[in-house]
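Please take a look at the structure shown here.

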Amino acid sequence: MVNIIVIGAGVVGLSSAVSIQRALPGVKVKVVADKIYDETTSIGAGGIFLPTTTNIPGVSEDTLRRWSETSWHVYSKMATSDLASSTGHTKPLYADIVYSYREMSPGELIKLGVYDNFRFGYEITTVITNMRKYLKWLMNQFTANGGEVERRKIGSLMELYGQCNVVVNCSGLGSRQLCGDKLLYPLRGHLIKVKAPWVKDWVYTDQQAHLFLSDDFVVLGGIKEKDNWSLNPDPAVRQGILDRNFRYWPALTGAEYLEDWVGLRPMREPVRLETEVIRSPQRTLKIVHNYGHGSNGVALSWGTAVEAAKLVKELISKTSSSKL
Ligand SMILES: Cc1cc2nc3c(=O)[nH]c(=O)nc-3n(C[C@H](O)[C@H](O)[C@H](O)COP(=O)(O)OP(=O)(O)OC[C@H]3O[C@@H](n4cnc5c(N)ncnc54)[C@H](O)[C@@H]3O)c2cc1C
């Protein structure tokens with residue numbers, strides 16, 4: 001029998017699955033998901049490591065710092081190791097130090113030609129993850145460790161009664177239906193990928209405009225529309241993103257359009273990382289929930305995955321001691 005079923009093959013599900021394999025060697029883990037790789041939200045994420053308390057409301061600063069530090073430890077190690085090309089971690093320009101955050105002077109902003117629009121700026125050295133490579137890498141880690149994958153839509157958590165010892169629910173927005181979780185809602189994003197190899201820096205603003213770098217393209221964003229479930233690009237939103245980015249960064253002129261991508265951030269206040277035991281007269285279903293990472297799911301995925309694996313371990317050890 002499979003011991004652990006992880007619902008979800010996004011960055012949270014795959015990180016949780018790999019963390020469980022590492023924390024509990026010998027345990028059989030199966031990932032069940034109706035959407036895999038490029039059908040997930042995770043594939044389109046800008047992949048920047050920039051977790052903030054504003055993005056992740058309802059989680060204490062201490063907890064958020066702990067998740068972020070665990071994730072940072074893993075990401076920064078990958079970005080600076082010989083794994084960088086296969087995991088898709090690229091060091092932003094000047095990133096010889098692991099992390100830096102420094103207020104820029106007005107003189108620097110004037111020299112950069114952005115002072116008319118932005119009176120404050122920060123220079124940040126962080127990790128940007130190429131999600132196409134990274135999800136593939138996570139999946140390879142998982143299957144190489146003996147993990148199984150099944151493509152299936154779970155209609156109800158009750159379907160999994162008797163099929164495993166613990167269910168790890170990393171279904172993102174899917175938990176709205178799976179758990180009837182009304183705290184969960186979509187925060188819609190729209191990205192435009194362009195080819196502009198001369199652009200070497202990423203920029204994030206609070207004016208619904210940002211550009212992130214990937215290996216082979218530049219990603220222009222970005223909006224956060226609450227409760228909008230549409231996955232179709234909206235022409236007006238699209239034009240707004242282009243107008244703002246090209247106005248702030250004229251150096252984008254000449255960029256070649258590649259494609260639009262719309263994704264729904266699984267937003268919840270707070271992120272749900274906890275256990276639940278559902279009992280019926282005959283059976284018991286033990287669950288670890290790990291979903292609702294909103295705008296920072298890539299950044300927080302390892303931190304929450306490691307804690308989800310600890311919760312799985314606790315549930316399993318309770319089961320074995322109660323059998324004695
Ligand atoms: C435009 C945009 C830009 C972003 N940029 C960043 C960024 O720069 N940095 C960052 O940290 N984060 C970013 N994010 C956020 C990040 O993408 C998400 O937080 C993250 O992808 C959530 O991962 P997940 O695994 O929880 O969900 P998903 O990737 O949505 O995966 C959910 C999985 O659950 C499965 N599932 C759901 N319901 C069921 C069911 N009933 N049965 C079977 N399977 C089910 C799905 O099939 C899927 O495999 C961005 C998001 C968007 C939209």
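Predicted model: local features only at pLDDT ≥ 70, side-chain atom pairs only at ≥ 80, totals over all residues.

Residues are numbered from 1 along each chain as its sequence is written, and side-chain values use heavy atoms, leaving out hydrogens and water.

## Strands

Helices (H or I, at least four residues) and strands (E, at least two) are DSSP runs, numbered from the N terminus. Two strands pair if DSSP finds at least two bridges between them. Buried means under 20% relative accessible area, exposed over 50%, and partly exposed in between, with a 1.4 Å probe and protein chains only.

Start with β9, residues 184–195. This strand is mostly covered, with 11 of its 12 residues buried.

| Partner of β9 | Bridges | Residue pair |
|---|---|---|
| β14 (residues 256–279) | 12 bridges | Ile 192 and Asp 260 |
| β13 (residues 225–226) | 2 bridges | Arg 188 and Glu 225 |
| β12 (residues 218–221) | 3 bridges | Val 194 and Val 218 |

Another bridge ties Leu 184 to Arg 268 in β14. Strand β14 also pairs with β15 (residues 284–293), antiparallel, over 9 bridges. There, Ile 278 stands opposite Leu 285. A hairpin of 4 residues links β14 to β15. In a regular strand the side chains alternate between the two faces of the sheet.

## Ligand shell

A residue is near a molecule or strand if one of its heavy atoms lies within 4 Å of it. There are 41 residues around the ligand, and those that come nearest are Asp 34, Lys 35, Ser 42, Ile 154 and Gly 294.

Which elements supply at least two residues each to this shell? They are α1 (11–23), β2 (29–33), α6 (175–178), β9, β14 and α8 (297–323). Strand β14 gives the most, with 4 residues.

A backbone N or O atom of Lys 35 sits 2.6 Å from a ligand oxygen. For Gly 294, the distance from a backbone N or O atom to a ligand oxygen is 2.7 Å. A polar backbone atom of Ile 48 lies 2.9 Å from an oxygen atom of the ligand. Taken alone, the ligand exposes 1000 Å², and the protein buries 96% of that. Accessible areas come from the Shrake-Rupley method with a 1.4 Å probe; for residues, only the protein chains shown count as cover.

## Helices

The expected span of a helix is 1.5 Å times one less than its number of residues. Helix α1 has 13 residues and should span 18 Å; its end C-alpha atoms are 18 Å apart, which agrees. Because 11 of its 13 residues are buried, α1 is largely enclosed by the rest of the structure. Among the buried residues of α1 are Val 11, Leu 14, Val 18 and Ile 20.

Helix α2 (residues 61–79) has 19 residues. From first C-alpha to last, α2 reaches 26 Å, close to the expected 27 Å. Its buried residues include Trp 67, Trp 72, Tyr 75 and Met 78.

## Two loop residues

Thr 205 is in the loop between β10 (203–204) and β11 (210–213). Thr 205 counts as buried because its relative accessibility is 9%. Its side chain reaches the backbone nitrogen of Gln 207 at 2.9 Å. The side chain of Thr 205 also reaches the backbone oxygen of Ala 209, at 2.7 Å.

Asn 130 lies in the loop between β6 (128–129) and α5 (131–144). With a relative accessible area of 7%, Asn 130 is buried. Its side chain reaches the backbone nitrogen of Arg 132 at 3.1 Å.

Note on methods
Polar contact = N/O pair within 3.5 Å; in protein donor to acceptor, adjacent residues only side chain to side chain.
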